[in-house]
Amino acid sequence: MEINFEVKRFDELSVIGLYKILRLRAQVFVVEQDCVYQDIDNKDQKALHVIGYKNDEVVAYTRLFDTGDYFENASIGRVVVSEKERKYGCGHDLIKESIKAIEVFFKTNTIKISAQTYLKRFYESHGFKQIGEEYLEDGIPHIGMVKS
């Protein structure tokens, strides 16, 4: 079964929808990756949310920021796919939907991300290129990457 994607502003999210998003983010970033960090950071209100549903469950998600809202360029963050869905390649669909949403809503194709280093090849397959050196973010190796 394929994933259906929606793009929503924060004020368009239902309470149940927001709960499912936060649950997925905590499940992967906090529990699976064993990373204690402040996920609820008062940035969700400014973001556009790309949500992937399968059987009414949130299985994929990103949040998008317009130019200047987070980085100098538009950006994609909190990229997450539920563990059971990763083997189907839906992460690629999620990134494609996110890039498309940035182009449509923010009218730009220059995108900056802070990527976990082990995903460098994945992002390169979508046209991102590494900028700068590796750094630690919340104890996890990351690299800056840009697509233009």
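Mentor: Partly exposed means a relative accessible area between the two cut-offs, under 20% for buried and over 50% for exposed. Keep that in hand as we look around, and remember that this is a predicted model.

Trainee: Why does glutamate 32 count as partly exposed?

Mentor: Its relative accessibility is 35%, and that value falls between the limits of 20% and 50%, so the label is partly exposed.

Trainee: What makes arginine 86 and glutamate 32 a salt bridge?

Mentor: Their closest N and O atoms are 2.7 Å apart. The limit is 4 Å between a side-chain nitrogen of Lys or Arg and a carboxyl oxygen of Asp or Glu, so the pair qualifies. In general, side chains of opposite charge can pair when their charged atoms come close.

Trainee: Which parts of the chain does the pair of arginine 86 and glutamate 32 link?

Mentor: Distant ones: arginine 86 is in the loop between β4 (74-81) and α2 (90-106), glutamate 32 is in helix α1, and 54 residues separate them.

Trainee: How many salt bridges does the structure hold?

Mentor: There are 15. One of them joins arginine 25 to aspartate 44, with 2.9 Å between the closest N and O atoms. Arginine 25 belongs to helix α1 (residues 15-32) and aspartate 44 to the loop between α1 and β2 (48-54), so this bridge connects distant parts of the chain, 19 residues apart. Both partners are buried.

Trainee: What makes arginine 63 and aspartate 44 a salt bridge?

Mentor: The closest N and O atoms lie 2.9 Å apart, and that is within 4 Å. Arginine 63 sits in strand β3 (residues 57-65) and aspartate 44 in the loop between α1 and β2, so parts 19 residues apart in sequence are tied together. Arginine 63 and aspartate 44 are both buried. Through shared partners, salt bridges gather Arg25, Asp39, Asp41, Asp44, Arg63 and Arg78 into one network.

Trainee: Let us turn to the rings. How many aromatic pairs does a search of the whole structure find?

Mentor: The search finds 5. Among them is the pair of tyrosine 123 and phenylalanine 128, which is edge-to-face.

Trainee: How do you know that tyrosine 123 and phenylalanine 128 are edge-to-face?

Mentor: Two numbers describe such a pair, the distance of the centres and the angle of the planes. Here the centres are 5.9 Å apart and the planes make 80°. The distance is within 6.5 Å, so the rings pair, and the angle is over 60 degrees, so they are edge-to-face. Both residues are also buried, because 5% for tyrosine 123 and 2% for phenylalanine 128 are under 20%.

Trainee: What sits over the ring of phenylalanine 71?

Mentor: The charged end of lysine 112 does, 4.1 Å from the ring centre, inside the 6 Å limit. Phe71 also joins Phe65 and Tyr70 in a cluster linked by ring pairs.

Trainee: Which residues touch the most other members in the largest nonpolar core?

Mentor: Leu64, Ile76, Ile113, Tyr123 and Phe128 do, out of 24 residues. Two or more residues come from each of β2, β3, β4, α2, β5 (111-116), α3 (120-124) and β7. The most come from α2, which gives 7.

Trainee: How does the reach of α2 sit with the expected value?

Mentor: It has 17 residues and spans 23 Å from first C-alpha to last, close to the 24 Å expected at 1.5 Å a residue. Its buried residues include Leu94, Ile95 and Phe106.

Trainee: Why is glutamate 72 called exposed?

Mentor: Its relative accessible area is 70%, over the 50% cut-off. Glutamate 72 lies in the loop between β3 and β4. Alanine 74, in strand β4, is buried because its 0% is under 20%.

Trainee: What makes β6 and β7 a pair?

Mentor: They share 6 bridges in the antiparallel sense, and at least two are needed. Isoleucine 131 stands opposite glycine 144 in β7.

Technical notes
Residues numbered from 1 in each chain as written. Heavy atoms only, no water. Helix = DSSP H or I, 4+ residues; strand = E, 2+ residues; numbered from the N terminus. Buried < 20%, exposed > 50% of the residue type's maximum accessible area, 1.4 Å probe, protein only. Phe/Tyr/Trp six-rings, centres within 6.5 Å; stacked < 30°, edge-to-face > 60°. Lys NZ or Arg CZ within 6 Å of the ring centre and 35° of its normal. Expected span 1.5 Å × (residues − 1). Core = buried A, V, L, I, M, F, W, Y, C linked by side-chain atoms within 4.5 Å.
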